[in-house]
Amino acid sequence: MVGRQPAHLRQRAGRRHEPGPGQALGRYVGLRGSRVRQRHQRGRPAVHGRLPGEREGLRDGQRWALGVQPAHRQLAVRRSVDPAGGGDRSRSRPPAHRQPAALRSPEPRHRRWRRQRLVPEAAVLPARAPRRAHRSALRPSRPIGTPDPRALTTTPDVVVVGGGHNGLVAACYLARAGVDVLVLEALDGPGGGSRTAETVPGYRFDLHSVAHNMINMTDIPAELDLAGAGLVYQEMDPFSVAVHADGRRVRFYRSIDATVASIAEADPVEAAAYRAFMDKAVPVVRTILPALRGQMSAREIPERLGALVGSFRHRPAETARDLLGPYDSLLRRWLPSDLTRGPVAAFAAHAASGPGLPGGSLYAFWQAAYHMFGQWHARGGAQSLVDALVTRLGSLGGELRCGAPVARIEAPNGAVTAVVTEEGERIPTRAVITAIDPKTALLGLLDPPLGGRVGADLAATRRGNVVQALVHVAADRLPPYPGARPGDWNGLQSYVDHLDDLVAAWAAAEAGRLPDPLPLYAFTTSAIDSSLAPPGHHTVYLACPAAPATVEGGWDTRRPELVDRVLATVEERAPGFSAGIQGVHAWTPDLMESTERWPGGHPMHLDLALDQLGPFRPTKALGRHRTPVGGLYVSGAGTNPSGGISASPGRRAAKALLADRW
Ligand SMILES: Cc1cc2nc3c(=O)[nH]c(=O)nc-3n(C[C@H](O)[C@H](O)[C@H](O)COP(=O)(O)OP(=O)(O)OC[C@H]3O[C@@H](n4cnc5c(N)ncnc54)[C@H](O)[C@@H]3O)c2cc1C
């Protein structure tokens, strides 16, 4: 029907897909809800599959025994290898020794916290509640007001608040270690910023993340055998193409040589400068990589950076300046023109950091990471990562409950005792990992809220007004860029012509104005993944990395303007694209805020500034995921090492908890 209408009407028809406030949520919830139910009805075995290395009996440097216990208990038994060579000493879990609260000494909270981590395992483990005999990877949400019978009989060892990818990763690591873990997710489906949905009927779009690069720089997918749970990553090469309005093109391939050759087609001088910039950037990325994988302590940072500066013997002072400054000036120093400055800056901005941010040069140096590790799309969309995690969690005996927003984390005497859902269900537990915005978790949900110096430091962390806005466009064609070559739609397509435009856009968005011109980038993943759109049709994901969270006039009134300007920008660079539009869906920061529970629509939960990264994220005191509250751990995009789809905060938080108590 839409296809037979004149072009201008088709566009209007498409706009009918644009949601009013709350509509996007309603439609999405319906979709996910039915899918969740289907999965539940299909059923999953209580425990199946083992991780690589288990059969050999080795994991995390320890020997694991798969004995004669019932399957769901097997992972709870472990053997430690006697370093003196005395053979394996099997041990099951020790008995309970927890004192009643009334008998506990009135120690200051921070000392109890330290003591709890230092006391040997046998002295702090309470009796284990019996593990559930039957589990499912996903339970459908109960009708509101229906009491949950399990709440009366079971007590999970650990509750994870938030079923985004980090919460699920944390839960998988806990379940793998034999811990009885329950994930509570507010929405009717898991995934948070890693979801894919038919925002236009028949076309599957990523709701947020598209490129899963950081997780592919870690060994987490292999450790959890996510490929065995159905996850397939496809490389997007070239990872980026600069689509300048004047018709010039630069293709950034995984290979630096191929990239330099592509730049040289337009400007040989610029090509040589790009190679020199990469010569500088590759060692920088190698140095900071451990921090971004969550493997560097705060103490190591000065030493490592000092070694890096020293390694550039000829120009150590310039190197120090390059590292400390913003990427605006870094790129102006290293790259001669906007031919490459514009797209490199657009890629840096894609990491949610502005061109003027002190220390933000890191994000422009990060360009080298794509040459080193590539850019990756999860086949089927970002949701496939989440589906694989849910499958793995189910196979390890963990549990996910959706439609269960947590309203309160009770810690009356300085230690966690229970979580309470918005429906009023109280779930007793002895440990909680929060995998949501850390400020909401520790200053909002925690009862009583985190106080003292640690609480004040957390309250002082920042998130700016600059976030992302999206327009999903379903079309019967890819954007027909003049002079396009095969592969041009594989990765990110940058529409940022000038670094100055990005600088101006950031300032405008921070002040609550819609930038003009709009900096934009596109992903057309249907070009490499036929599962996302009907045959011959495509998903065109258009993102503005400098959108104001709060905009003058409000998003309800500005949303149509955003859509018009985004479509006009594509049409300018790809004449004839608008004629093929089948449907449009706008996904603005206000909708993300209300749906995803992201304060300020901020998908990284906190700004990715240098003082809020790695071991300083969210604060130095909380950078090891432990809190002053007994049994409470913090994870998610706002924690060490960073936001985005990295999974490292999830693994780190689980490991911190396991090191302390299991
Ligand atoms: C437009 C856009 C594009 C992006 N592109 C990329 C990209 O290409 N690559 C990349 O790496 N990153 C990208 N990101 C960022 C990425 O999506 C997020 O940083 C990431 O999803 C954060 O993951 P998380 O698991 O820590 O938290 P979230 O994804 O925020 O998950 C938290 C979960 O907790 C749930 N929750 C919240 N409150 C409660 C509560 N009280 N009780 C129970 N559950 C609760 C939420 O519903 C959610 O499911 C993008 C973001 C946006 C907005």
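Biologist: What lies 2.6 Å from an oxygen atom of the ligand?
Modeller: A polar side-chain atom of Glu185. Bear in mind that this is a predicted model.

Biologist: How much of the ligand does the protein bury?
Modeller: The protein buries 97% of the 1000 Å² that the ligand exposes when taken alone.

Biologist: Which elements give two or more residues to the shell around the ligand?
Modeller: Helix H6 (165-176), strand S20 (466-475) and helix H21 (589-596).

Biologist: And which residues come nearest?
Modeller: There are 36 residues around the ligand. Glu185, Gly193, Trp598, Ala637 and Ile645 come nearest.

Biologist: Where do backbone atoms come in?
Modeller: At two residues I can name. A backbone N or O atom of Ala186 sits 3.1 Å from a nitrogen atom of the ligand. For Gly644, a backbone N or O atom is 2.9 Å from an oxygen atom of the ligand.

Biologist: How many nonpolar, polar and charged residues are in that shell?
Modeller: The shell has 19 nonpolar, 14 polar and three charged residues.

Biologist: New topic, aromatics. How many aromatic pairs are there?
Modeller: The count comes to eleven. One of them joins Tyr521 and Phe523, edge-to-face. Their centres are 5.8 Å apart, with 85° between the planes.

Biologist: Is Tyr521 buried or exposed? Why?
Modeller: Buried, because its relative accessibility is 3% and the cut-off is under 20%.

Biologist: And Phe523, buried or exposed?
Modeller: Phe523 is at 2% relative accessibility, so it counts as buried.

Biologist: Which residues form one aromatic cluster?
Modeller: Phe239, Phe252, Tyr274, Phe347 and Tyr370.

Conventions: Residues are numbered from 1 along each chain as its sequence is written. This is a predicted model: local features need pLDDT of at least 70, side-chain atom pairs count only at pLDDT 80 or more; totals for chains, interfaces and linings use all residues. Side-chain values use heavy atoms; hydrogens and water are left out. A residue is near a molecule or strand if one of its heavy atoms lies within 4 Å of it. A polar contact is a pair of N or O atoms within 3.5 Å; within protein, one must be able to donate a hydrogen and the other to accept it, and residues adjacent in sequence count only if both atoms are side-chain atoms. Accessible areas come from the Shrake-Rupley method with a 1.4 Å probe; for residues, only the protein chains shown count as cover. Helices (H or I, at least four residues) and strands (E, at least two) are DSSP runs, numbered from the N terminus. Ala, Val, Leu, Ile, Met, Phe, Trp, Tyr, Cys and Pro count as nonpolar, Asp, Glu, Lys and Arg as charged, and the others, Gly among them, as polar. Rings of Phe, Tyr and Trp (its six-membered ring) pair if their centres lie within 6.5 Å; planes under 30 degrees apart count as stacked, over 60 as edge-to-face and the rest as tilted. Buried means under 20% relative accessible area, exposed over 50%, partly exposed in between (1.4 Å probe, protein chains only).
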